[in-house]
Amino acid sequence: MILRTSKVKFLKVHSVGISSTLQIGDTEEQFLKSKVLAVQRYLSLFYGNEGSFKQDDFQLFRQPIPQLLPETGVCSAFFHEIPFIRVRAIKINGVSSSSVAQVGSTRRINADSRVKHIRKLPPARNSQ
């Protein structure tokens, strides 16, 4: 991997969260993983066992992630006449859930995000 120098003049980021990365420069590997189980209720009722959910109880969290096929021997060569990556300005509102905002190169990225959102709404009224 050819390393280059990343020069960023201005960077404004509001939020980076949930297994995410803000990377200035080159990196060899990034492994990002996020599993989220969210329960939203119409009424603010707390039963006291909210933290006892087991992610393995949901098929979404047990399923294997499909993997990309291995590289098929593509041969390439690059010559960077100017070994700098120059960026004038970046404004990012948010990077979240196993995401990468990067100025530079990465040889390998493995990112996995799984979200199970349960909404408990009131029963529908009978409109007769």
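E29 and R108 form a salt bridge, with their closest N and O atoms 2.9 Å apart; a salt bridge here is a side-chain nitrogen of Lys or Arg within 4 Å of a carboxyl oxygen of Asp or Glu. This pair links distant parts of the chain, since E29 sits in strand β3 and R108 in strand β6, 79 residues apart. Strands (E, at least two residues) and helices (H or I, at least four) are DSSP runs, numbered from the N terminus.

Before you explore further, note that this is a predicted model, in which local features need pLDDT of at least 70, side-chain atom pairs count only at pLDDT 80 or more, and totals for chains, interfaces and linings use all residues. Residues are numbered from 1 along each chain as its sequence is written, and side-chain values use heavy atoms, with hydrogens and water left out.

**Salt bridges**

- The structure holds four salt bridges.
- Side chains of opposite charge can pair when their charged atoms come close.
- R108 also meets E28 in a salt bridge, at 3.5 Å from N to O.
- E28 lies in strand β3 (residues 27–41) and R108 in strand β6, so this pair ties together parts that are 80 residues apart in sequence.
- A network of salt bridges links E28, E29, R107 and R108.
- R108 is partly exposed because its relative accessible area is 40%, a value between the cut-offs for buried (under 20%) and exposed (over 50%), worked out with a 1.4 Å probe and protein chains only.
- E28 counts as partly exposed too, at 37% relative accessibility.
- E29 has a relative accessible area of 37% and is partly exposed.

**D112 and its partner R114**

- D112 lies in strand β6, where it forms a salt bridge with R114, the closest N and O atoms being 3.4 Å apart.
- Both of these residues, R114 and D112, are buried.
- For D112, the relative accessible area is 9%.
- The side chains of D112 and R114 also make a polar contact at 3.4 Å. A polar contact is a pair of N or O atoms within 3.5 Å; within protein, one must be able to donate a hydrogen and the other to accept it, and residues adjacent in sequence count only if both atoms are side-chain atoms.
- Leaving aside neighbours within four places in sequence, D112 is in contact (heavy atoms within 4.5 Å) with L32, K33, S34, I65 and S98.

**R4, a buried charge**

- R4 lies in the segment before β1 (5–13).
- R4 is buried yet has no salt bridge, and the nearest side chain of opposite charge, D26, is 4.4 Å away.
- The side chain of R4 does make a polar contact with the side chain of S105, at 2.3 Å.
- Not counting residues up to four places away in sequence, R4 touches D26, H80, P83, I85 and S105.

**L3, next along the chain**

- L3 is found in the segment before β1.
- L3 counts as exposed because its relative accessibility is 62%.
- L3 and Q67 are 64 residues apart in sequence and 27 Å apart in space, C-alpha to C-alpha.

- Most residues other than glycine have a negative phi, and most peptide bonds are trans.
- S97 has a positive phi of about 55° although it is not a glycine.
- S98 has a positive phi of about 60°, and it is not a glycine either.
- S97 lies in the loop between β4 (84–92) and β5 (100–103), and S98 lies in the loop between β4 and β5.
- Is each serine buried or partly exposed? S97 is partly exposed, with a relative accessible area of 27%, whereas S98 is buried, at 9%.

**A nonpolar surface patch**

- Y42, L43, L45, Y47 and L121 make a nonpolar surface patch of about 610 Å².
- Patches are made of residues with over 30% relative accessible area and no salt bridge; like charges are joined within 9 Å, and nonpolar side chains (Val, Leu, Ile, Met, Phe, Trp, Tyr) within 5 Å.
- Accessible areas come from the Shrake-Rupley method with a 1.4 Å probe, and for residues only the protein chains shown count as cover.
- L121 is placed in the segment after β6 (106–120).
- L121 is exposed, with a relative accessible area of 64%.

Conventions: Lys, Arg positive; Asp, Glu negative; His and termini not counted.
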